[in-house]
Amino acid sequence: MKISKSKVAIIGSGAVGATTAYSLVVQGVAAEVVLVDLNQEKAGGEALDMQHSMEFQRRNVRVGAGGYEECADADIVVITAAAPLNGETDRRAMLDKSASIMRSIVPQVMASGFDGIFLVVSNPVDVMAWLVWKLSGLPASRVIGTGTILETARLKHLIAKAMLIDPRSVDAYVMGEHGDAMMIPWSHVRAGGKSFQIIAKEKGGRLNEIDLEHMVEEVRKSGGYVLKAKGNTQYGIASAVTAIVKAILYDENQIYAVSAYLDGEYGESGIYCGVPAILNRNGVEDIGEFYLTGEEQAQFSGSARVIRENIRRLGEQDIL
């Protein structure tokens, strides 16, 4: 008789990695969570702190810290390790440093015998997801970036705040690059089943202040506001990673806006880009294409072009 368990390994025990681990523990998503970090003392301390919380959790999750050998039997390896920002807020500016980190991490994970799913959080996430795919040799469906899932949550928050409704009553996705080149396909945004473009035009009662362009800018700059105020983002992205992990481990067929490999979808190929995708035990099961308006398609193509340019820049320095 074989009893299977679920295990998630998190590479990086900084604010994002540790908060992600704790989120997984609090929600009881996996049977085992392990932290891997160059700073083994830090990883061990974070794990011990979470172990001391188990008395009060919904599930007795096994939490530990260790080396890359811990990835061998992991279902999912989450990469949160990243170069220090040092005051830099441009995700693309961290390209070379982040790429160096991926080149160090991925071969060691694969050498352990890992045969699961990579979930890439490190920025610039679309380019890093592409690099992890290339370095790992895994099928593209089993390498996923967090993409625009957090921008999507921020958009739904802003719409819900304007309408005084629950953000879960908003149907919306942000697409494209996880960065300034992101775009919102407004033609597919619904609130309570009604087109939000129509709602914004009606401008009745409490909706008088809705400005779609201003809302786009708010979504685009939200992460920067948090970074400036506290030096990092952690709760939103950790919650997003937990949702993705849960969709995979529980075989949910959930649709999230993640960075997935495009092979002709939306007229783009050979890159990872933020799109709504169905997630289950296989990773990215499918990418259901939206019909975009001409303007939206042009915006998406422009966003994809930014990602492609950064991949080319990476390729000039790398033999893949």
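Reply: Happy to! A definition to start with: contact means heavy atoms within 4.5 Å. Please keep in mind that this is a predicted model.

Me: With that cut-off, which residues does valine 61 touch, not counting residues up to four places away in sequence?

Reply: Valine 61 sits in the loop between helix H2 (40–51) and strand S3 (62–66). Its relative accessibility is 2%, and buried means under 20%, so valine 61 counts as buried. Setting aside residues up to four places away in sequence, the residues touched by valine 61 are Val25, Gly28, Ala30, Ala31, Glu32, Val33 and Met54.

Me: Is strand S2 (residues 32–36) largely enclosed or open, and why?

Reply: Glu32, Val34 and Val36 point one way from S2, while Val33 and Leu35 point the other way, and all are buried. Because five of the five residues of S2 are buried, the strand is largely enclosed by the rest of the structure.

Me: Which residue of S2 does isoleucine 10 stand opposite?

Reply: Strand S1 (residues 7–11) and S2 run parallel and are joined by five bridges. In this pairing, the residue of S2 opposite isoleucine 10 is leucine 35.

Me: Now the helices. How are H5 and H7 oriented to each other: parallel, antiparallel, perpendicular or oblique?

Reply: Two packed helices are described by the angle between their axes and the distance between the axes. Helix H5 (residues 149–163) and helix H7 (residues 212–230) pack at an angle of about 130°, with axes 9 Å apart. Roughly perpendicular covers 65 to 115 degrees and roughly antiparallel is over 145. H5 and H7 are therefore oblique.

Me: How many nonpolar, polar and charged residues does the contact of H5 with H7 have?

Reply: H5 passes H7 in a right-handed crossing. H5 brings Glu151, Arg154, Leu155, Leu158 and Ile159 to the contact, and H7 brings Met215, Glu218, Val219, Ser222 and Gly223. By class, the contact of H5 with H7 has five nonpolar, two polar and three charged residues.

Me: And what is the orientation of H4 to H9?

Reply: H4 and helix H9 (residues 294–315) pack at an angle of about 50°, and their axes are 9 Å apart. Angles under 35 degrees count as roughly parallel and 65 to 115 as roughly perpendicular, so H4 is oblique to H9.

Me: Into which classes do the residues of the contact of H4 with H9 divide?

Reply: H4 passes H9 in a right-handed crossing. Asp126, Val127, Trp130 and Leu131 in H4 meet Ile307, Asn310, Ile311 and Leu314 in H9. The residues of the contact of H4 with H9 divide into six nonpolar, one polar and one charged.

Me: Staying with H4, is serine 136 buried or exposed?

Reply: Serine 136 lies in helix H4. Leaving aside neighbours within four places in sequence, serine 136 is in contact with Val106, Met110, Phe118 and Val143. At 11% relative accessibility, against a limit of 20%, serine 136 counts as buried.

Me: Is the peptide bond from asparagine 123 to proline 124 cis or trans?

Reply: Proline 124 is placed in the loop between strand S5 (117–120) and helix H4 (125–136). With omega near -5°, the peptide bond from asparagine 123 to proline 124 is cis.

Me: Is leucine 164 buried or exposed?

Reply: Leucine 164 is found in the loop between H5 and strand S7 (170–171). Its phi is near 60°, a positive value in a residue other than glycine. At 66% relative accessibility, with exposed meaning over 50%, leucine 164 counts as exposed.

Me: What about aspartate 251: buried, partly exposed or exposed?

Reply: Aspartate 251 has a positive phi of about 55° although it is not a glycine. Its place is in the loop between helix H8 (235–249) and strand S10 (254–263). At 43% relative accessibility, aspartate 251 counts as partly exposed.

Key
Residues numbered from 1 in each chain as written. Predicted model: local features only at pLDDT ≥ 70, side-chain atom pairs only at ≥ 80, totals over all residues. Heavy atoms only, no water. Axes fitted to C-alpha atoms, helices over the stretch in contact; angles between N-to-C directions. Helix = DSSP H or I, 4+ residues; strand = E, 2+ residues; numbered from the N terminus. Left-handed = near helix turned anticlockwise from the far one by under 90°. Nonpolar A, V, L, I, M, F, W, Y, C, P; charged D, E, K, R; others polar. Buried < 20%, exposed > 50% of the residue type's maximum accessible area, 1.4 Å probe, protein only. Pairing = 2+ DSSP bridges.
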